[in-house]
Amino acid sequence: MRFLFPHCILVLAWILSGLAHAAPTLWIIGDSTVRNTITDQRGWGDPLKEHFDATRIKVVNRAIGGRSSRSFLTEGRWDAVLAEMQPGDFLLMQFGHNDGGQQFDGDRPRASIKGNGDETVDGVVKVTGKAETVHSYGWYLRHYATRAKAHGATPIIVSQIPRNIWKDGKIGRADKDYGLWARQAAATSSTLFIDFNHILADKLQAEGPEKTAALFSGKDHTHTNAAGAVFNAATLAEAIRTLPGCDLGKFLLPENLWLPSIFCDHMVVQRDVPFPVWGKAKPGAEVTARMAGKSVSTHADALGKFRVELPPMTAGGPFTLEVSSSTTRSLADVLVGEVWLCSGQSNMDFTIASTAKRSFAGILDWQQEVAAANAPRIRMFTADWTMQESPQQDVTGTWKIASPDTLGDFSAVAWFFGRSLQTELDVPIGLVTCAYGASTAEAWISEEKLATVPSLTSLLESFEKKKVSFRDDPTLAQNFASATSRWNEEKMRLTALGKKVPRAPRNPDPVQDQHNPGVLFNGMIAPLIPYPMRGVIWYQGESNVGTRALYPALQKALVQDWRARWKLGDFPFYLTQLASHNAPKLAPSESSLATMREAQAAVLALPNTGMAVTLDIGDAKDVHPRNKQAVGHRLAQLALARTYKRPVVASGPVLRDAIVDNGRIRVSFDHIADGLVARGESLERFEIAGEDKKFVRADAVIEGDTIVVSAAAVTSPAFVRYAWADNPEGANLYNSADLPAAPFRTDR
């Protein structure tokens, strides 16, 4: 059990394991036919990602429009790629469309010398005033290949895609210029070569001019549209698969049958709803899914994608899920029960034990919890931390059975939530954890949804500026790679000495920043849709305190986005309100955390939502409270009462109204159970103010099912607050079910 090892040994083992088993990266470089985000123009580089197994290889597309084989090098973009390239990586390169034109004059002096020779031309680039030696097109390709090999990577030269130009019933080819020179560059440098120009030209010619035109952007004869990019990517993937002597093909999705990672042994299926099974097979192939005596079939589409739906099943198991096409996948020990998505930032990511990956974690009494774990009907799928620029089809993860060997790596909140449900419902429980530390709410929402909310579009605009800035300054990637190399060396040294390792350098790529819109939705949520579930528990907010004015809109957008995409109706969404944190202050004052809690509560206006209050389990010095047992239990109370209609109290007291009454304010509440309770001799942390909104500490007493608040210094009260502070230490209003009251104010 790796989470039981001494910390320094654990960290060293993790580092060495990571070095030995790190997934390779496929680097893609080229021009706009490889990567293009202009309206109705797309390159093949991004859709190519869908053909690779994302759990085994990372695909990074660094191609950029307008670049030639020469300018990609002279602008420092190749150095940025090379700085991050590791042994075992792969490189795909395609240039040529921009290699003609002027070499030193004009607005875009980017031309290389035609051919594959070693001749050079010296001159001064007029727009920059810098002297430069220009080489041949083939020389630049050979340069990339040679340098990649020196870094232990495998380069592959790809000839340019054909233009949509026809003559005498035949599409034009580049077999006498750039296509030829690319082939020669590969031969003279002993580099793998894909004659993409020839392969595509053959396919397009078979399609004919009319169908080919539908793959290009309007009258543009060079740039493909989205359909053309997908067509080209599929064609290139097949060429990679059949390329002799190339290991890159081993990382492609299997031809005959592929299922996302969420489909694996020990999975839990949501009961009482149709169960979709999806993946890829050979285009047009029949696919059949069988489970629990039920069977459904379909045919894969032209891209090999398929989806079938098994009919609803009642709780039970274990079963075997069998998916067959030209081959068969059998998934064992499948249970049917209740599935919940558990998402948010570090407090949801917080594991039972402290581990190398989550050193900030570790609940109270974790050793006892781990040792006592024997719950074979509770399973958890933990999605790997993944940020992406566009929605992905898979995320790394496996279903694990709760046991002493696995529990330390379980999300603590999710585990205690699931355990409470399993105890009460007596059915299998599946917990799908998608959480990332310090993430903002907008990172979990699709960009498509954010674009529909006027108050949130500025987030997208800011993100786009960041991406452009990163794209246009390759030194950012170079500096990051250098800093990371130095940090890795220091990490090894400090770990061997048993000393604390500083934080790793921050990746300047805005797509790899968990604060930016859509990146976690794309990497961790999109791959799971439409895996059926009962509902969501959500613990997030700390990273949005600075933008809390936007939070009601953000949380509303998130709930609506996920509900629309899963198509399961208004499924339950239960959130955790932020716990107390920071040094307590007794005097009334403004509070960023209090207003953030208020912003969180705004989501309760949506149907089928609920909130667990955690004011009483916070930590003044640690933003990660260790008492996750109470958090999970309170979220489970919400689910049991509202989703499963069990006779339990779901919530602590929540403000209903506050009425001024003869120099006092009488406050009434919902969710009081059998009555209001003060933990202690008297109620604390009530404040009162007149129309001037100058709050003072107040006396508060329980009278029946209400609380009467007053202060001698405020003879004409108008407003009342409760627990209005970052850390309202001493706040002690509960109901008879021992659930704390939610903070509130009436001075909005």
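1. Basis of the model. The structure is a predicted model, in which local features need pLDDT of at least 70 and side-chain atom pairs count only at pLDDT 80 or more, while totals for chains, interfaces and linings use all residues. Residues are numbered from 1 along each chain as its sequence is written, and side-chain values use heavy atoms, with hydrogens and water left out.

2. Strand E3. Helices (H or I, at least four residues) and strands (E, at least two) are DSSP runs numbered from the N terminus, and buried is taken as under 20% relative accessible area, exposed as over 50% and partly exposed as in between, with a 1.4 Å probe and protein chains only. Five of the five residues of E3 (residues 90-94) are buried, so this strand is largely enclosed by the rest of the structure. In a regular strand the side chains alternate between the two faces of the sheet. Both faces of E3 are covered, with Phe90, Leu92 and Gln94 buried on one side and Leu91 and Met93 buried on the other.

3. Partners of E3. Two strands pair if DSSP finds at least two bridges between them. Strand E1 (residues 25-30) pairs with E3 in the parallel sense over five bridges, and E3 pairs with strand E6 (residues 154-158), also in the parallel sense, over four bridges.

4. Helix H4. Six of the eight residues of H4 (residues 77-84) are buried, which leaves this helix mostly covered; the buried residues are Arg77, Trp78, Ala80, Val81, Leu82 and Glu84. With contact meaning heavy atoms within 4.5 Å, these buried residues pack against E1, helix H3 (71-74), E3, helix H5 (137-150), helix H14 (457-472) and helix H15 (475-496).

5. Helices H7 and H9. Helix H7 (residues 196-207) and helix H9 (residues 226-241) pack at an angle of about 120 degrees with their axes 11 Å apart, where axes are lines fitted to C-alpha atoms, for helices over the stretch in contact, and angles run from 0 to 180 degrees between N-to-C directions. H7 and H9 are therefore oblique to each other, given that angles under 35 degrees count as roughly parallel, over 145 as roughly antiparallel, 65 to 115 as roughly perpendicular and the rest as oblique. On the H7 side, Phe196, Ile199, Leu200, Lys203 and Leu204 meet Phe231, Asn232, Thr235, Leu236 and Ala239 in H9.

6. Two open antiparallel sheets. Strand E12 (residues 275-281) and E15 are joined over six bridges, and Val277 stands opposite Val308 in E15. Another open sheet has four strands in the order E24-E25-E30-E29, with antiparallel pairing; its edge strands are E24 (654-661) and E29 (699-703), each pairing on one side only, and the twist averages 25 degrees from one strand to the next. Five bridges join E29 to the antiparallel strand E30 (residues 706-710), with Asp699 opposite Ser710 in E30.

7. Asp622. This residue is found in the loop between strand E23 (609-612) and helix H19 (628-643), and at 18% relative accessibility Asp622 counts as buried. The C-alpha atoms of Asp622 and His581 are separated by 7.1 Å, although these residues are 41 residues apart along the chain.
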